[in-house]
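I open this notebook to record what I looked up in the structure. The entries follow the order in which I consulted it.

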Amino acid sequence: IPAGVRQASSVGQFEVQGYRVSAMTTPQTRPPRVIRVAAVQHSIAVPTTEPIRAQREAIYAKLGPILDAAGALGVQVLGLQECLAMPFAVCTREKAPWCEFAEDAENGPTVEFLKTHAAKYRMVIVAPILERDSVHGDVIWNTAVVINHLGRVLGKTRKNHIPRVGDFNESTYYLEGNLGHPVFETIYGRVAVNICFGRHHPLNWLAYALNGAEVVFNPSATVAGLSEPLWPVEARNAAVANSYFVVAINRVGTEIFPNAFTSGDGKPAHHDFGPFYGSSYVASPDGSRTPGLGCDRDGLLVAEIDLNLSQQVKDKWMFQGTARYEVYADLLPRYVRQDFVPQRVRDPELGSGSGGGGGASQG
């Protein structure tokens, strides 16, 4: 890491880490496909009681030096955290003023801010925002916009799975996404975005693999005391199961809201989620992973990865060739029908009772 970047990180009070993930061997017939990917984690910059524009502009101000550091390090594909330009106010269930953070996915203020940096550094940027869809009745979505290396919007995707757990009252603001599992073909590789709660759903990860993803970003907002035991495991498991790289990103800091709110777990009314624990990292298809960024500091994690590793892992383990997709393609359509009968083998010693749900018997 150059001295200039270290100096910028000291002034800007963010940490910088860099790692290299090589292919198993040097391919004889394929050129190296080495790219630099990055994760950015950060806290909000001013109290949640400040005006909306002031909150947003303060976040842009702290992100600028981090994006410049990423550019100086030659980052080619960079991902930011879920709802990057706002506090994660979905815990409150209040519509005002938080819905005012929603913006257009093509030319909203956050996208315009990031377009400039994308073009300046020829960097693909994954920009998770709260989207206002003015074409379809001003509906709000939890969205990630993909900006290409020329600073142009390549496309967008939306959060497929919405939590109903603890303080995460997100369905008060937006519902499940309707754009499927798109994979964005960039000049650096095929990129997908699995937003936050989608990481708990293996079939969600699988869908991006079936569509050809090579790197999947997982922008998140998740807190200590809820998901922290899962965090080091899920992105890594997804990378192994699907033979691609995963960039897992979480925000940091404790966000305090003016009005107390309750949650679904019976706790007394409170003013914050608790701390977001950061710990962003990159997981590789061979089961390795980088160390994580810290749990309480803004940070930039850069990983130089060789996409040939994905092909080599596929050749070694043959997960795709042994996957038996046709078996699950038969099971799932039957499962979603109301007349589905589970395939179970019942021990005669259990008698004639239902045994917790009945189902087809055998033998």
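**Entry 1: the β-α-β unit.** I began with strand 8, helix 4 (residues 202–210) and strand 9, which make a right-handed β-α-β unit. I call a crossover right-handed if, with the strands pointing away from the viewer, the path from the first strand over the helix to the second runs clockwise. Helices (H or I, at least four residues) and strands (E, at least two) are DSSP runs, numbered from the N terminus.

I note that the model is predicted: local features need pLDDT of at least 70, side-chain atom pairs count only at pLDDT 80 or more, and totals for chains, interfaces and linings use all residues. Residues are numbered from 1 along each chain as its sequence is written, and side-chain values use heavy atoms, with hydrogens and water left out.

**Entry 2: partners of strand 8.** I next looked up the pairing, where two strands pair if DSSP finds at least two bridges between them. Strand 8 runs parallel to strand 9 (residues 215–220), with three bridges between them; here V193 is opposite F217 of strand 9. Strand 7 (residues 184–186) is antiparallel to strand 8 and is likewise joined by three bridges, with F184 opposite V191 of strand 8. Two residues separate strand 7 from strand 8 in a hairpin.

I then asked how many residues of strand 8 are buried. Of the five in strand 8 (residues 189–193), four are buried; buried means under 20% relative accessible area, exposed over 50%, and partly exposed in between (1.4 Å probe, protein chains only).

**Entry 3: a nonpolar patch.** I found a nonpolar surface patch of about 690 Å², formed by L203, V327, Y328, L331, L332, Y335 and V336. Patch residues have over 30% relative accessible area and no salt bridge, like charges being joined within 9 Å and nonpolar side chains (Val, Leu, Ile, Met, Phe, Trp, Tyr) within 5 Å. A salt bridge is a side-chain nitrogen of Lys or Arg within 4 Å of a carboxyl oxygen of Asp or Glu. Helix 7 (residues 325–335) supplies the largest share of the patch, five residues. L332 is located in helix 7, and I record L332 as partly exposed because its relative accessibility is 39%.

Entry 4: I traced an open sheet of seven strands in the order 1-16-2-3-4-5-6, with mixed pairing. Strand 1 (14–21) and strand 6 (153–158) are at the edges with a single partner strand each, so one side of each has no neighbour in the sheet. Strand 1 runs parallel to strand 16 (residues 298–306) over eight bridges, and R20 has E304 as its bridge partner in strand 16.

Key:
Accessible areas come from the Shrake-Rupley method with a 1.4 Å probe; for residues, only the protein chains shown count as cover.
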